[in-house]
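Please read the following report with the sequence and the model side by side.

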Amino acid sequence: METNKPKKAAVPRTPMPCQPPEERRHNFKEVALGYTREMAMTEAGRCMQCKKPLCVSGCPVEVPIRDFIREIQTGNLDAAYRIIKTTNSLPAVCGRVCPQERQCESKCILGKKGEAVAIGRLERFVADSYIASTACEQVTGTNACAMPAGGRKVACIGSGPSSLTCAGVCATAGIKVDVFEALHEPGGVLIYGIPAFRLPKGVVATEVNGLRQTGVDFHLNHVGGRTVDVAELAREYDAVFIGVGAGLPIFLGVPGENLVGVLSANEYLTRVNLGRAYDFPNYDTPAAPGKRVTVFGAGNVAMDAARTALRMGADEVHVVYRRTRAEMPARVEEVEHAEEEGVQFDILSAPLHFNGDENMRLKSVTLQKMQLGEPDASGRRRPLPIPGSEYEMATDLAIVALGTRSNPILLQATPELKLNKRGYIEINEETGETSMPGVFAGGDIVTGSATVILAMGAGRRAGQTMVKRILG
Amino acid sequence: MPTPILSKESLIPGKTSKLVLEAPQIAGKARPGHFVILRMNEKGERIPLTIADTDPEKGTITIVYLVMGKSTAVLESLNAGDAILDVCGPLGRATHIEKRGTVVCVGGGTGIAAMHHIAKGHSRIGNRVVGIIGARSKDLLLFEKELKSFVDELLISTDDGSYGHKGLVTELLKDRLEKDREVFEVVAVGPVPMMSAVAETTRPFGVKTTVSLNPVMVDGIGMCGACRVTVGGETRFACVDGPEFDGHQVDFAELRRRLGAFREQETQSLELWRCSCHGNK
């Protein structure tokens, strides 16, 4: 009842221990250190165990949040982990990278008058605490892996969050899964995109190994549409899932963008994360060096690029954004962390052109001040240029983080796939099935660039349909 | 699974070798113009190399490289029986090949090997193929024998005149275009200055000119745009839109600058490797 003021609401949210900003801006170690058992128990104690938990409706994969928190309250972490795993294959990842303030935690009843329960931190704590020799035991509830029954098998193309989730759903149902990944390491954006200071690589490896133990095989260096063909896979397998993401970076389209020193965030982050350029020359991949770095965009990828540049030794890092702080699409915690570490925000500012020296190396960017006008179709106030407000900012490394669009490789090689107007794969919303019978799709290749957890939700939905279809 | 090296043939001692790799899945799908991305070992970087030949029946692909920096130096240190950790492909768009008459295929340096695969495709479909290959001197010429086995004519030039025509491939090309009006396309693969010069040579003749570009690449699957080039005033990604483009539309000056973007780090990496190698031996 609304009128009964809940006593528990007065207890403040348990803070997350973090590496101090001065220290962490020079290393790639994880910033948020995670709860101790005591902290987790205290935080779990704040949960009111609502009869109709609204938090669950805010979670794209509908983790039974109330139920797993109840198990933390009684100290039964194995049970908590099993409950999370019933709908979420990658809890250690989601607890770290989901924008909880816009999902589960935005629906928490305690948030109405005070602070929401720290659901993401608790999910992460449970996943991190879980150390067991056999992942399949925890996942399937038996001490034997549900091994392929009757030779049924599915193929997943891509190994990002949507595919990993789909693979997990199918494997736990006893279906053999082959995952085909174009890069040399599985994980998709979890590996090449999100930096280690936000998501340690070991966390991803643990989740991937958990899948291996349930009988999932990973075939690396296999490009969907090139090395493997969708129609061929559809003939060989009982079902196919396409989760290749939307990797093609969008550039600004302003003059000077091909100067040496202007990079997409995908290139910069791939070099540093996948290529381990932070450890060059011990590893062979070099990163683009920059002392005065400018990042364009204000999503999570922009924050990751800016904070990476600091750690790679930049003296100054600016995030240039044409709207204001309130419109920034990045996770609130990441914007705060970036600011604490010394990233500077140049809001209401947009690039006009890049300027190079005689060797075509970037030396500055010309910017223009903006003001907010009337709301546009997206409901956000439209940024409008202020005439005569142009100014020049010295920069030797510009990183463009404006988002991505659909990658044409698989789509061009598979003309049978029906696409929507925006060039993404069209699916049946209920089942996740594409215009090719038995071929499913989900994640960014269907929706355009979105979040890890939304991609996982799509992978789960498609996986459930595939299992039902195959096993009856 | 690492990709085994079945055989190695040294073409220019210490600089260029031909490797035959056991890669049945790539061999079955690869067409002329395609390339692969390789990573030699756990700490290696990803580098692109054109597929110089395939044998789908045996399940093999052939690659040829020039030792330019650390990754190719590491590759050169491998032998038959060794394996390459990651080989990803086939990548890029295949060469557009249709039966139309006479095509001139120009190759320079290591590019001769890549050109060879394209020329072979044209020959197989029934085009008359004129090969023009060039190098600084006779001992740096590649693939003469392989090309002779199928081309209708092979013209050779060396800068120092130690073999064939003394001078540049573009001189042979110009001469041919003046005499032979049947040529419907010129294909050029080689160093940037050579491809640029070929495009300038053919421009007055109005002959379609296709070049295979070699920008810096990271993933090779369109994810990053490291390989972007300006073609006809527009930005294109060489790994998914190319690597072949209309030579008359390519901004070669920009390509050359962008190829030098990491020169300092490349030098550092190679020197460090050479030192540690000598130290160990």
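Is C224(B) buried or exposed? C224(B) is buried, because its relative accessible area is 4%, where buried means under 20% relative accessible area, exposed means over 50%, and partly exposed lies in between, with a 1.4 Å probe and protein chains only.

This is a predicted model, in which local features need pLDDT of at least 70 and side-chain atom pairs count only at pLDDT 80 or more, while totals for chains, interfaces and linings use all residues. Residues are numbered from 1 along each chain as its sequence is written, chains are lettered from A and ligands numbered from 1 in the order in which they are written, and side-chain values use heavy atoms, with hydrogens and water left out.

**The annotated cysteines**

An unreviewed UniProt entry carries the annotation "binding site" for C224(B), C227(B) and C239(B); UniProt positions are given in the numbering used here, feature names are shortened, and such annotations may be inferred rather than shown by experiment. The three residues are spread over 16 residues of sequence, yet they cluster in space, with a largest C-alpha distance of 9.9 Å.

C224(B) lies in the loop between β13 (208–212) and β14 (228–231) of chain B, and C227(B) is found in the loop between β13 and β14 of chain B. Strands here are DSSP runs of E with at least two residues, and helices are runs of H or I with at least four residues, both numbered from the N terminus. Contact means heavy atoms within 4.5 Å. Leaving aside neighbours within four places in sequence, C224(B) is in contact with residues that include P249(A), F251(A) and S264(A), as well as V218(B) and D219(B).

G232(B) has its place in the loop between β14 and β15 (234–237) of chain B.

| Residue | Class | Relative accessible area |
|---|---|---|
| C224(B) | buried | 4% |
| C227(B) | buried | 3% |
| G232(B) | partly exposed | 43% |

**Between the chains**

The contact takes 44 residues from chain A and 43 residues from chain B. Together the two chains bury about 3,800 Å², 54% of it on carbon and sulfur atoms, where buried area is the accessible area (1.4 Å probe) that two parts lose on being put together, summed over both. R226(A), N258(A) and D284(A) supply 19% of the area that chain A buries against chain B, more than any other three residues.

How many salt bridges does the rule find across the interface of chain A and chain B? The rule finds two salt bridges there, a salt bridge being a side-chain nitrogen of Lys or Arg within 4 Å of a carboxyl oxygen of Asp or Glu. The side chains of K29(B) and E232(A) meet in a salt bridge at 3.2 Å, N to O.

**Sheets and helices**

S264(A), one of the contacts of C224(B), has V400(A) as its bridge partner in β14(A). Strand β6 (262–264) of chain A is an edge strand, as is β9 (344–346) of chain A, each pairing on one side only, and they belong to an open sheet of five strands, paired in parallel, in the order β6-β14-β7-β8-β9 of chain A. Two strands pair if DSSP finds at least two bridges between them.

In chain B, seven strands form an open sheet of mixed pairing in the order β11-β10-β9-β8-β12-β13-β16. In this sheet β13(B) and β16(B) pair in the antiparallel sense over three bridges, and S212(B) has E244(B) as its bridge partner in β16(B). Helix α6 (residues 192–202) of chain B lies across β8, β12 and β13 of chain B and runs at about 165° to β12(B), with axes taken as lines fitted to C-alpha atoms, for helices over the stretch in contact, and angles running from 0 to 180 degrees between N-to-C directions.

Strand β5 (residues 60–66) of chain B is mostly covered, since six of its seven residues are buried. Seven bridges join β5(B) in the antiparallel sense to strand β2 (residues 16–22) of chain B, and four bridges pair β5(B), again antiparallel, with strand β4 (residues 47–55) of chain B.
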